[in-house]
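This briefing walks through the fold of one protein, from its overall make-up to a few local details. Please keep the sequence and the model in view while reading.

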Amino acid sequence: MWHKKRVSLNMGETEQRPTAGSRLGAQENAGISTLEHGQKLPPTPPGKLVSIKIQMLDDTQEIFEVPQRAPGKVLHDAVCSHLNLVEGDYFGLEFPDHRRMMVWLDLLKPIMKQIRRPKHIVVKFVVKFFPPDHAQLQEELTRYLFALQVKQDLAQGRLTCNDTSTALLVSHIVQSEIGDFDETIDREHLAKNKYIPQQEALEDKIMEFHLNHMFLGFCFCRGQTPAESDFQLLEIARRLEMYGIRLHPAKDREGTKINLAVANTGILVFQGHTKINAFNWAKVRKLSFKRKRFLIKLRPDVNSSFQDTLEFLMASRDFCKSFWKICVEHHAFFRLFEEPKPKPKPVLFSRGSSFRFSGRTQKQVLDYVKEGGHKKVQFERKHSKIRSIRSLTAQPSEQHSEVPKQSSSFTFGDDADAPAVQSCQQGKELKVSAEDAEQRRSPSLRKSPKEGRRVDGVVMATMEEEEEIVKDRTQQNRTQSQQPSTAGSLTGSPHLSELSINSQGGPPLANTSLSPNLSPDAKQSSPLISPLLNDPSGIRTDDEEEVRRKRCPADKAYFIAKEVATTERTYLKDLEVITSWFQSAVSKDDCMPETLKNLIFSNFEPLHKFHTSFLKEIEQRLALWEGRSNAHIKGDYQRIGDVMLKNIQSMKQLTIHLRKHNEILMELENEIKNSRKLETLCRDFELQKVCYLPLNTFLLRPLHRLMHYKQIMERLCKHYPPNHTDFRDSRAALAEVSEMVAQLHGNMIKMENFQKLHELKKDLIGIDNLVIPGREFIRLGSLSKLSGKGLQQRMFFLFNDVLLYTSRGLTASNQFKVHGQLLLYGMTIEESEEEWGVPHCLTLRGQRQSIIVAASTQAEMDKWTEDIQMAIDLAEKSNGPAPELLASSPPDNKSPDETTVDQESEDDLSASRTSLERQSPHRGNTTVHVCWHRNTSVSMIDFSIAVENQLSGNLLRKFKNSNGWQKLWVVFTNFCMFFYKSHQDNHPLACLPLLGYSLTMPSESENIHKDYVFKLHFKSHVYYFRAESEYTFERWMEVIRSATSSASRTRVLSHKESHVY
């Protein structure tokens, strides 16, 4: 049923019939007007009202009643007011004229002079101006309407692209409309709704992409909210060649059939749907038309082969004039600072058209939205169960932000089967029975091996935090988890998987977890109910805690010995990744040479065998120490130095194997480079859940473990007085392990750099020779680069000879595409905050190119300045400039003063996909991506400190708004906390990247009345952890602080020099 709304004008005042909302006391929003602030509509003589039917972008129709003499702007403003649309200038009203040609409603002319038979005409409200970057759209409602336009263009065949891009676009539309993936619901929905022509052929690919929206990196999580889906949809669409393009048939001078189009950048020429030429606004001097001829007069350019004036022939004068008007409007909207003033009327006669652009320019719209204070207004999504609340509070948009910030309060359609869902504010809890979750599981998904592999490491599609533990779906855990689910804390956010989930078994299905980032679906119970939440034994009571504490010794030496045991368990599991899991994968496929197999496994198997017996001996000693066996003789066994001395002396015989690790790492990387089959095997292995770190990291674990032994023995010797019975053995063990570390330390530093270069190579596109002798990695991180579009987020990689800057592509692997390089030889750094008016701004002047970058904080700027200056000094001491790095991109020879615009197109994406066939397809949870999403950086020194600061053990965890404490086995490594149900598990259930987090103690107001509790928080995401003793509390604080706050280079180097290796 159509909604009728009457807009009557009397002496410039707008008067509306009371609506249902106004009768109930709801405030009416005046929407946006194209008039200046405070200026009223021009007086319009009262007259007969005429009804005009408007078709909205969601295919609903509204009837508006306006005076016959009213100009077109009155109708346009009435529609924007009805929608509560603040950024209405991007939209226009389109209708078929008497020649059945679609034309835009002129805002200055009277409506009735344009629409001759309003009763028989349906006017369409559609997007008219497509901005270059959808991040400039600051309202969620605006982005939603743009997403509807993209959906409409896909259905009508206007937005043409390859099958992969089409399927990806439709998957985001489906995610917005029905929420998270469920195979049955997806198939039904796609059968009922046709988004593209010949949709059936792409249904499987659409569903595959839709499934991917529930995964981050190697982990299972919740999907996207409608707002997030809109943003991602526009992010993909804006790069397509046909985005926002309306083709106008024409012929060139030779009579060849072509199509003309206009965009924010200028006038485009197409042959079919392929762009063959473009004329930037900066190159165009004048646009005109003469009868059927459309004329483009270009500015003189000595380097151009084009004639001064280009001529195109169109079907008729009316077609030609219509296209000319559209070009004039696009030029004014995107290029002018303010609305052009009307020309004075000539006294005698006029020459040419008096048409001019009417309305705000894009700059005026952006300024208006930023400066005006707008209240939060709800709007309905016709095809979605979810009602979104958009924030109308004007805030400057962050150019580098990839994801919309959305205040979310979700309600659902009527559904008897829908679970009771509480508010999705951060930290709220969702209660779903484990039985319901089991019933919702899709058998077909469990059986699909192809999709099963994608579950292990799917693209990171969202960018902030979530807090969940996933249900472990092995039969063993099902039998352990028959109790009804306790409340599991679910907190969402739109920006990076905070607690990334890794489920066991087949691909998990859609869930009802609610967050401002991930789409809820009221019809499905969540399968994300962890056994940690379901299993009563996973929740430790205070009484159990007291009994356990009284039973355990209170001596600090005991907890040091216990740290040896807990970290040894993790180390043994890491060795098994190579000796068991990787060896099994290699044996199934004859792609690795026998010599390399023997080199790897003959050196790792003796280590695994030795450390298995070593761990057994340590656990036996701890059992005696705790009095769990032979309690009457435990007095002589309350020490660990003798066990460490005996085993470290035996370990010296294994040094021959440790020295081979450098050779192993290099030979494996060389063989991967030469063998596509082996590369595929290693890539697939890295997608397995047991390989929770890059594969080559596990090859360095034995050398890292020696450093851990050394640190542990240092703490033990510092704790013991000289007359202690265990002091002598402990000091002797420290001397032995220090000697081993000193012998292998230099080799380990080279291996870490080599491993890091190869890891970064997997994250980069467009570079061939990253790993070359003499190149050293120094720092990576996110900075904003000043270009023609303003500040844009870029990922920078600093080496000892070159600085690379990249942007994250939309490839299946989320890799970073190299945009340019700056050789450090001859580079200078200048602080340019005052010159550009950008905080924390630097100008990097190279010999051939200069760029302006800005850091997120002063501390980040200081780190980059220090490291870049150090790298410049190193480059100056070298023999000269480094070799060229970029594999396919030509060097950027623009002058320092020239503003640059980074252009990306569908061709770039297609080329990237082709070049990625041999690359790792899913790299969404690496340190590089964490730095990108957290807008921070890490250096090689930070990586080295992280290697030293590894820890394992049991912790109790509590979310901000939950009551119980959950016992988890936690492994801290590589700037992340990995969570397991127990130390016996082969792979983590979830991980929490800590870069950017703050580590503090809970305050009194937080009511955490427990000992040894520390707090981790990032923005609104808060976690509490409890340790079992003062020693373990201090150790966890120490190692986590190393990840959450990187030290300055000067202080770290002085700290390093104090160690004797």
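What share of the contacts in the protein with a separation of 6 or more is accounted for by residues 24 or more positions apart? The share is 69%, and it should be read with the reminder that the model is predicted. The protein has 1061 residues, of which 58% are buried, and its secondary structure comprises 32 helices and 37 strands.

**Surface and cores**

- The protein exposes about 45200 Å², and carbon and sulfur atoms supply 49% of that area.
- The largest nonpolar core has 103 residues, and the members that touch the most other members are I54, F294 and I296.

- Strands β10 and β11 (residues 257-262) run antiparallel and are joined by four bridges, and the bridge partner of P249 in β11 is N259.
- The two strands form a hairpin with five residues between them, and in the turn G255 has a positive phi of about 85°.
- F312 belongs to strand β16 (residues 309-313) and, with a relative accessibility of 7%, counts as buried.
- Although F312 and I258 are 54 residues apart along the chain, their C-alpha atoms are separated by 9.2 Å.

**Helices α18 and α19**

- Helix α19 (residues 641-651) is mostly covered, since eight of its eleven residues are buried, namely G641, D642, V643, M644, L645, N647, I648 and M651.
- The cover over these buried residues of α19 includes α17 (556-588), α18, α20 (655-658), α24 (701-719) and α25 (727-763).
- Within α18 (residues 594-626), F610 and F614 are four residues apart and therefore separated by about one helical turn. An α-helix has 3.6 residues a turn, so residues three or four places apart point the same way.

**Aromatic pairs and a cluster**

- The structure holds 33 aromatic pairs, one of which is formed by F610 and F614, a tilted pair with 6.1 Å centre to centre and 35° between the planes; both F610 and F614 are buried.
- Y692 and F698 form an edge-to-face pair, with 5.7 Å centre to centre and 80° between the planes; Y692 is buried with a relative accessible area of 11%, and F698 is buried at 0% relative accessibility.
- One aromatic cluster is made up of Y90, F91, F125, F129, F130, F146, Y243, F333 and F334.

**Charges over rings**

- R360 lies over the face of Y368, at 4.5 Å from the ring centre.
- The charged end of R1026 sits over the ring of W965, at 5.0 Å from the centre of that ring.

- Is D59 buried or partly exposed? D59 counts as partly exposed because its relative accessibility is 46%, which falls between the cut-offs of under 20% for buried and over 50% for exposed.
- N84, likewise not a glycine, has a positive phi of about 55°, and its place is in the loop between α2 (72-83) and β5 (91-96).
- N84 has a relative accessible area of 18% and is therefore buried, the cut-off for that class being under 20%.

How values were computed: Residues are numbered from 1 along each chain as its sequence is written. This is a predicted model: local features need pLDDT of at least 70, side-chain atom pairs count only at pLDDT 80 or more; totals for chains, interfaces and linings use all residues. Side-chain values use heavy atoms; hydrogens and water are left out. A nonpolar core is a set of buried Ala, Val, Leu, Ile, Met, Phe, Trp, Tyr and Cys residues joined through side-chain atoms within 4.5 Å. Buried means under 20% relative accessible area, exposed over 50%, partly exposed in between (1.4 Å probe, protein chains only). Contact means heavy atoms within 4.5 Å. Accessible areas come from the Shrake-Rupley method with a 1.4 Å probe; for residues, only the protein chains shown count as cover. Two strands pair if DSSP finds at least two bridges between them. Rings of Phe, Tyr and Trp (its six-membered ring) pair if their centres lie within 6.5 Å; planes under 30 degrees apart count as stacked, over 60 as edge-to-face and the rest as tilted. A charge sits over a ring if NZ of Lys or CZ of Arg is within 6 Å of the ring centre and within 35 degrees of the ring normal.
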